[in-house]
Amino acid sequence: MVNEIDGFRRSSAARSQESIVTAHRAGTGNRLLAALPPADLGLLTPYFQKVSFEPDAVLVRSDDELDPVYFPHSGAIAFMLDMPDGQTVATTLMGREGALASFSVLGPSLSSVTAIARVAGKASLISAAKFRAAFEQSAAIRNVVQVHARSVLLQLQHVAACNALHRVDGRMARWLLQLHDRVPDDRLPVTQEALAQLVGVRRTTVTLTMSKLREAGAVPSDGRGFVEIDRARLEKVACDCYSLMQRKIDRMYCEELAAPPPALCEQTLSAWRGRADVAVPR
Ligand SMILES: [Zn+2]
């Protein structure tokens, strides 16, 4: 625990003073599983299978049954809406704070989106039937699922507003910040093709927008399959959606789950409160 907090402080200190502090970037392992008491976690662990996923791996296709349930320990998974004309756009991004297909507890159902790994990672997976049985037995599992469900809804609402109201450069900066929260350093393993799909624009628009971000100093370098970011500068380019969304999700996870270390949450929430422009609502 101490190492986790120290590591977070070191990485924060290396960034600009003005960079947004978020509990999302700290620690390792799945945050929902980490929040479960041992007895409740024990309802799941005998059935877990450990898997790795590579970039572009399709974990769930649109219209597939939501089975199995994945608990990512690392990496980033994008949920993509496929349009009939072949265009795709991301609706949400998930890392180790989430559980893919956890909504299967509501009953057998089909996925409305395609889940694609954007950053390689590892996950524990369990059959939807075993997960549902544990969910019915454990109040702690029901709690982590409902916190996660509310955070996904929050993200969906902000992404919907962002897509309707904000410019491409602000939106792309927001997705890059969301990816950065799920990657250990400032070099994001993302292609321009993947960025085009996340933002829902053509490759030529990505090329133009990247040159704007480079001019602003928000992207010091980029090349085949990577984008290096300067987080503090990228935050200045991003629309308000990232900070609005992230402070609400941080607060929810810090106040309602035991997983993030209390000292880290205190630091994160007081940092949010200290920013006059993004005061945490009480
Ligand atoms: Zn926005």
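A residue counts as buried if 20 or more other C-beta atoms lie within 10 Å of its own, as exposed if 12 or fewer do, and as partly exposed in between, with C-beta atoms placed from the backbone. By this rule, 42% of the 282 residues of the protein are buried. The model is a predicted one, in which local features need pLDDT of at least 70 and side-chain atom pairs count only at pLDDT 80 or more, while totals for chains, interfaces and linings use all residues. Residues are numbered from 1 along each chain as its sequence is written.

**View 1. Helices H6 and H8 where they meet.** The axes of H6 (residues 168-180) and H8 (residues 203-215), which are lines fitted to C-alpha atoms over the stretch in contact, come within 10 Å and cross at roughly 80 degrees. The two helices are therefore roughly perpendicular to each other, a term for angles of 65 to 115 degrees. Val 168, Asp 169, Met 172 and Ala 173 of H6 make the contact with Thr 205, Thr 209, Lys 212 and Leu 213 of H8.

**View 2. Leu 176 and its contacts.** Leaving out residues up to four places away in sequence, Leu 176 touches Leu 188, Val 227, Ile 229 and Leu 234, where contact requires C-beta atoms within 7 Å.

**View 3. Val 89 in strand S5.** Val 89 belongs to strand S5 (residues 88-94), and strands are DSSP runs of E with at least two residues. With 17 other C-beta atoms within 10 Å, Val 89 is partly exposed. Apart from neighbours within four places in sequence, Val 89 is in contact with Met 80, Leu 81 and Gly 200.

Terms used: Axes are lines fitted to C-alpha atoms, for helices over the stretch in contact, and angles run from 0 to 180 degrees between N-to-C directions. Helices (H or I, at least four residues) and strands (E, at least two) are DSSP runs, numbered from the N terminus. Angles under 35 degrees count as roughly parallel, over 145 as roughly antiparallel, 65 to 115 as roughly perpendicular and the rest as oblique. Two residues are in contact if their C-beta atoms, placed from the backbone, lie within 7 Å.
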